[in-house]
Structure formats: C-alpha cells, structure tokens
Amino acid sequence: MTARRDTIGIAGAGPFGLALGSLLAGAGRRVVLWSRDTAVVEAIQADRRSPRLPGVALPALLEATSDPRRLAGEARFVVLAVTSTRVRERARELGDVIDGSHIVVHAIGALAAPSNDRVSQVMEQGLPTLKLGALAGPALPDDLVEGNSSSMVIASVFDEVVAEGRRLLNTPPVLRVYGSHDLVGVELASALSGAFTVVLGLSDALGVSPGTRAVLITRALAEASRLGAAAGADPRTFAGLSGLGNLLVRASERSADYQLGRRLAEGAAAAASPTEGARAALAGVELARRLGVRVPVLQGIAAVLTGRLDPRQAANLIGDTVAEAE
Amino acid sequence: MGSDRPVREAENRLERFNEDRERLLAEVERRVLAHRIAVARAGGDASLEYVLNDVAYCEIRRLEASGAGDAAIQRWRDLSRRLLTMAEPDKEEELRSLVRHYGRDVVGNFDPRVYRFATGIAPALLGFVFSPVGSLREGMAAIGSLDARILADGELDLVRGCAERGTLIVTPTHSSNMDSPAIGLALLRAGLPPTTYGAGKNLFTNPFISFFMRNLGAYRVDRRLKFELYKDVLKEYSTVLLEHGYHSLFFPGGTRCRSNIIEKNLKLGLLGTSVTAYRNSVRQGAPHKRLYIVPVTINYRLVLEAETLIDDYLAETGKSRYIITDDEFSRIGRIVEFFRKILVHEGSVVVRFGRPLDPFGNDITDDGESIDRAGRIVDPASFVRGADGEVTDDDQRDAQYTRALGRRLAAAYPRLTVFHATHLVARAVHDLITAAAGTRDIYRLIRLPAPQLAVERVVEQLARLRARIAANPAWGAEHPRIAAQPAGAVVDDAVRGLSSYHTRPIVSRREQTLHVDDVKLLYYYQNRTAHIPGPGPGPGSDAAAEAEAP
C-alpha cells in the first residue's frame, strides 16, 4: 500500500478532479477521491467510469469514496476541486475530519460565492489547518486526460505546501507544476481572468478587429496587475499561468463566461444566471473602489452586467477611458 | 482530551530558577553549537568562518561607535585575523566560548527574597514615598490605595486556568519603561505567577532598578548586538525557558510604541520561540505542555515618556532612534513626579488581559483546548507533525505560523483597549481642530496658532465619540471609572490630567474656552483612538450614523 505521504486526496468528482485524479493514478500515484454523491462513487468503483468525464477509463489506483474520513486518513495532501458555490460547505465537511498537519490546496479559479472572498480566505474559516494553497492555470480536463502538455502553478505562503504540491502533482510531460509564494496574486489573477473572459466573449461577438482585441487583453492585464499590487500581490503574477494563461485558454465556446459575453453582445440580459466571471467582475470593481485603483475594463463590463450600459457603448467607453488615462 | 492532562497547581515556577540556571545555560550552549555546526557544513554564509567574522565585525563597529578603547577592540581584530588560518576544531572552540559568553550576558536571576520584598514591602514603601504627603493621614491613605492605582481586569479566570495547565506567554502592548513594573504588579494583583522577561540592556544601567530587574527574573537583551549568533543565543534561551515551563513576557511591538497608536506591525523574533518550544515539547513526547499566548493592553492615563516618544516619532523619517537612553525614565526626578502626580489617581493604569491563543494563533476553549475558526477542537500538536505523525522541523513553516499568531494578536489589541478620559477628550478636541483646519497632517497642525475651542463643543463632540465607542465593542471600551460619568465631567477629568504632569499643560481651561497649548502631545494621546475611523462620512462614522437616523 502506498504511504500516506505519497497519496493524493481529491475532494470533488467534477471534470477537473476526475481528470487530475486519472492523470495522477495513470502515472502510478495513489489517489483517493471523495465525493458526496454515492452514485458517482459507485460508478467509479464498479465500472471505472464517470458520466462527468465521459469516455475515460479511470485507472485502478484511483479509489473513490463517499467517506471523508477515508480521504483524510489515507492522504495528507488534499486538492479541493469543487465549484465556487459549494466551497464553503465542502470546506466545513472536510474540516470535520482533517487536522493541523494536512495540506489543502484548492483548484477553484473563481471567488467563493456568495461572499466573493478569495477561496483561501473561506478555507481559513472552515479548515483547522493553516497550510493552504491554490492550484491554478490553463490545464483543462481534456488536456489532462488526452495527454496534452499543460502547466499549472501552485501558490502558498508555506514552502512545504509548494514543495509537496510539486512533488505529488508534477507529471511531465503532461502536467508541469510551477511554484509561487503569491497566493493572493494567483487567486485574484485566476478569478479576474474569468471576468476578462466575459469581456473577450462580448468583444468577439461584436466582431472587434484583432488589433483592438490585443489592446483589450493587454489593458486587462495591466489593470489586473495594478489591482493585484494594491491588494498585496506581485503584479508579475498576472502575466503568468493563472492570469494570462487562464484568460487565453478560457476564451473559447467551452467557457460559460465566454458564452455569457457573447449573449450580452446579442442583447441578452445578464442577471439571470451570473457566471463566476461575472461575479468576479463585480467583485473586482468593488475591490478597486476600496483600494483606489482605476479599472476601466472591469468597470465597463460591470456596467453591461448591471444593465447600465449597452455593450457597444461599453466597448467605446472602455477604449476612450483606457486611452485617456494611459 | 482535556481532563486526563496533568494540571499542576499555579505556582511561582521562578522559585526554582536559580537551581535550573546552569542546566538551562548548558542546554542553550549545546543546542546553538549543534545547530551552527550542522548548518556550517553547507558552507558559504553558514560557514563558521562567516559566523565568527560576523560577530567580530559587528563588535568592532559597535565598540568603535561607542568610543571604547583600543584594547577592547583589539580582541575582535585578532579574532578576525586568526580566522584566516584557523582549523575547524579551533573555530568550533571559539564558537563555544562566544556562545557561553553571550549566554551568561543574557541569563537572568530570580531571588525569592527580593521578590517577596518587591511585592510585599516595596509597594507599601513606594506608596508612602511617592504619595503626596500633605499629611501623615493622606500618606497612610495613599498606601491603602496603592492597590487601586493599577487595575488588572479582563479574562483573569481563564488566564489563571492556563497558568495551571501550561505555560503563559504574556504579550502586552508597549508604551513605557513603566510597563514592566506595571505588568509585574498587575500579574500579582490578578493572582497570576510572575514571569521571566527580556529587558533592554539599557534599562540595567540604573543600579537600583537593575538590582530589582536582575533578581526578578529579567534577562538582558542587548539590542546593539546585531549579529546572528547573538540572536541564536537569545532565541534559544527563550525557547529553553518556555520548554521548562517558565512563564514569559514579550513585548511583541519590540520597542516602546512611539506614536501611541495601538501596535499593528509586531516583531516576531521572540514570539516565534513559542512555536519552536512547543515543537520541541511534542518531539520530546510532551504535547500536553501547552503554551498560551495572552494578549494584554497596558493603558495609562498619562505616559511617563510621552514627550520624548512623540518627538522621536515626528522626527524626520530615518532620524528616529531605535534605542532611547536619555528620556524621562533616566531622570529620577521625572519618575518621582510621575508617581506623585499620576499614579496616585485611582486606576490610572489599567492592564487588561484578553483570551489566550495557542502558538498557531488558534483560540482556546475555557478548558484551554485549541479550537479552529469554525469552533472545532483541534490538536495543536498536529500543526508540527508530518504525514506519518512524526514531528517535522521546518523553520519557514513555523515563521508563517508565527506571522498568523502575530496577526491574531494585533487584531485582539483594539478590543482590549481601555480609553481614559485623556484619550477620549484628546480625540474629540483633535477632531474639532482638524475639521476646522481642513487637514489631518500633524506637521501642519503643529504650525497653526494655538487653537481655542468652546468647552460646549468639546462636550458635544465627546458625547458623539462615546456613543460610537459604546456601539462598537471591537474598538475598545471606556475606563470603568468614567463609563457612568456625564461628558462634562469626563472633560473636566481629562483637562486635570492633561494639564498636570507634562512639562507644560497640553490643554487648559479658561472660563468656557479650552486652549490647546501642545498640539503634539494632544496628537499623541488621541492616537490611542487612531484605530477608530474618523467622524466624517464612512461606515461607523458620525455622519453615517446621522444619515441612518429617521
């Protein structure tokens, strides 16, 4: 049996958790995956398959369980891979079974709903351990299971979290894991890239020229860096995997944020079902207001999301204010 | 898990310090040497040559700056030169002798006879000497009221329980050299055991005070010694003391707070020895040797050294001094004055104890068990354990734990702040002055003509401030003695205080007008409320409160 220190725990059986687990188990590492959904657990254990990751045969080294105690008992390193709406609840449940020796990193590229706190702040409130981190970057579930080369960054103020994360998750040539101490930066970059994905969906649907699109991306990065720096992050983080990396990979039809942007351009009302990126945009504007940072791109999309501007006006306004100030 | 833990009677553990001293010193020496020799194998900056040269270089610089004679400096020049050709065993021997030297320099003493004298006879004696002896009867009354001068309150039962269950690390805010005697008396008053504590070496220059400090468990911290080896010795000494169950006191602010603003940025050096000591205890199979970090605020009606401290704070950036030796504390006349005029006031010093934390910044239950943010009981030993339950050494991890602890402490202080009339009225007056001047820039305010205010307006402003404080317990609380007084009486009380002790009155009252004669000191006293947001628009402000009113 694999030692506890070499076992990876994954909380959540969504596409990313399953894909990561599948990759790691396929590379010979023991994975214990916890899901509250007993049907999902049984399907994995009986058929080595899950409808949430269709067409993938899950390796035998991946064991699914609905008992969080097994997860905490058999793994010291846990990846929290649930949706941003469930993070508070799952952290509580996980917190009931882990102790101060565990390492918990989340793989949630958004702010926690509904408070819009960074996910690590929510984990701090719900988990007994202080050894927390974030795993972020443009590694899509498909890339992980298809064996495409991809990269993520693991961020924590604890060296040990970064070192253990890299030791356990690094699976070249498929997944390369980089390390960072900038937890605040990686979490903000990851969440804000969702907000900018909405902007890109919107501008692509409006048919902006490639030059205009490039300006939008670079300005988005510049304002995210300013906002991050004011919030105590390293501005360079936003040009890395969790910022620019995430933005480029998300700008496709597969992303709910991107689709929302397109729908907005077509005149749809936004309020119905806010995506993670839409929440991040509004939260980003609020944070910028508190810190006194100018964020014209975020303000523009926030105005569209709240119905105060129509998309075309917003596009012009963003262009004007960006040019005026810089 | 709590009940089967050995609970010892609260005792003065310092009583056994002198028997322990040589053993403690030997332990410090052994550990510092073992650590230094182990890391030296990596070479470079960790090599013994580098470590020893660092000592020699710093000592030469310090001695040159202090104008010491050539003979004293020569010893270090020799060392520096010899290092070039010294064999490794000789370097280790040199290291051993230096560690021993600095260990002896640091180590304290505890004389039970001096303790009994200081806590029994001395207060009565001091009370008599320092009381305004208008008549014998007043003098006797002053002796009787000494108990009332320093008020100890807060979570005393809980802290007493922790002193029995484990070892206390008392961490007060730091505004005066009077803090050590004040906290010492407060501990006594609260039925808590005395603590050992690190005191700046400059405080040992007065032979009278030095005698008491030396014999009451203080150890010497020489802040002029900047080299790593000295810090090693100091930290290891503190660690060993904690492991042996000696209750300790650190001022996490590091040095006396210059501005009188509640400390936010804490120095983590000695505080970090709490994690190290607990980690060592867990490794030695004694996870039940719990450590409790107790946030404490020391709140003075007036501060002995206020004038020097605020001058230093307002001195141009970079010119402020880290160690001040020529302040009011060095002038016996000022100390006597302080005792006579200030400490005769009932409750003129309030020492408030907060709920203790564990070394990882976790809250604790009333039974001393650690709990996480969600309120679950958590085993503190698990924080230093690895995947298989083994204790792991990781200084970077422990530094992060200490940072978390520091944040929790800094967050605890405002709620524990006790406002005297002097603070509240200084704030009310300061708010009125800044509103009239249209600036909060203290450098500009100082240059304005002496402000005058109608007493009535001050009373109104004070009433608003008091209402806001009452509605926000997280900001602190009024002194229990003034809580029931009307605003007018609080203003009178503050004016008496603010015009009594300092070289010139800070404010003075003529008829219905309040004259502000010293804006700088007014600023110093109002700074105790600096964590309370301004009365302008904003959450929790006067304007916001008025806007919400129907």
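Two strands pair if DSSP finds at least two bridges between them. Helices (H or I, at least four residues) and strands (E, at least two) are taken as DSSP runs and numbered from the N terminus.

I note that the model is predicted, that local features need pLDDT of at least 70 and side-chain atom pairs pLDDT 80 or more, and that totals for chains, interfaces and linings use all residues. Residues are numbered from 1 along each chain as its sequence is written, and chains are lettered from A and ligands numbered from 1 in the order in which they are written.

Entry 1: strand S7 of chain B

I looked up the partners of strand S7 (residues 349-353) of chain B. Strand S1 (residues 150-154) of chain B runs parallel to S7(B) and is joined to it by five bridges. Within this pair, Ile150(B) lies opposite Val349(B). Strand S6 (residues 291-300) of chain B is also paired with S7(B), in the antiparallel sense and over five bridges. There, Phe353(B) is the bridge partner of Val296(B).

I then asked how many residues of S7(B) are buried. Five of its five residues are buried (20 or more other C-beta atoms within 10 Å of a residue's own, with exposed meaning 12 or fewer, partly exposed in between, and C-beta atoms placed from the backbone). I find both faces covered, with Val349(B), Val351(B) and Phe353(B) on one side and Val350(B) and Arg352(B) on the other.

Entry 2: the sheet of chain A

I traced an open sheet of eight strands in chain A, in the order S3-S2-S1-S4-S5-S6-S7-S8 and with mixed pairing. Direction ignored, neighbouring strands are turned by 25° against each other on average. Helix H1 (residues 15-26) of chain A packs on this sheet, and its direction makes about 160° with that of S2(A). Axes here are lines fitted to C-alpha atoms, for helices over the stretch in contact, and angles run from 0 to 180 degrees between N-to-C directions. The strands touched by H1(A) are S1 (7-11), S2 (30-34), S3, S4 (77-80) and S8 of chain A. Touching, or contact, requires C-beta atoms, placed from the backbone, within 7 Å.

I also checked S6 (residues 132-136) and S7 (residues 150-155) of chain A, which run antiparallel and are joined by three bridges. Ala134(A) stands opposite Ala155(A) there.

Entry 3: a helix pair in chain B

I examined helix H15 (residues 421-437) and helix H19 (residues 519-526) of chain B, whose axes come within 7 Å and cross at roughly 120°. H15(B) and H19(B) are therefore oblique to each other, as angles under 35 degrees count as roughly parallel, over 145 as roughly antiparallel, 65 to 115 as roughly perpendicular and the rest as oblique. From H15(B), the residues in contact include His423(B), Ala426(B) and Arg427(B); from H19(B), they include Leu522(B) and Tyr525(B).

Entry 4: where chain A meets chain B

I recorded 18 residues from chain A and 20 residues from chain B in the contact. On the side of chain A, helix H4 (87-95), helix H5 (119-126) and helix H7 (159-169) each supply at least two residues. The largest share, three residues, comes from H5(A).

Entry 5: Ser252(A)

I located Ser252(A) in the loop between helix H10 (241-250) and helix H11 (256-265) of chain A. Ser252(A) counts as partly exposed because it has 14 C-beta neighbours inside 10 Å. The C-alpha atoms of Ser252(A) and Gly201(A), 51 residues apart along the chain, are separated by 7.9 Å.

Technical notes:
Contact = placed C-beta atoms within 7 Å.
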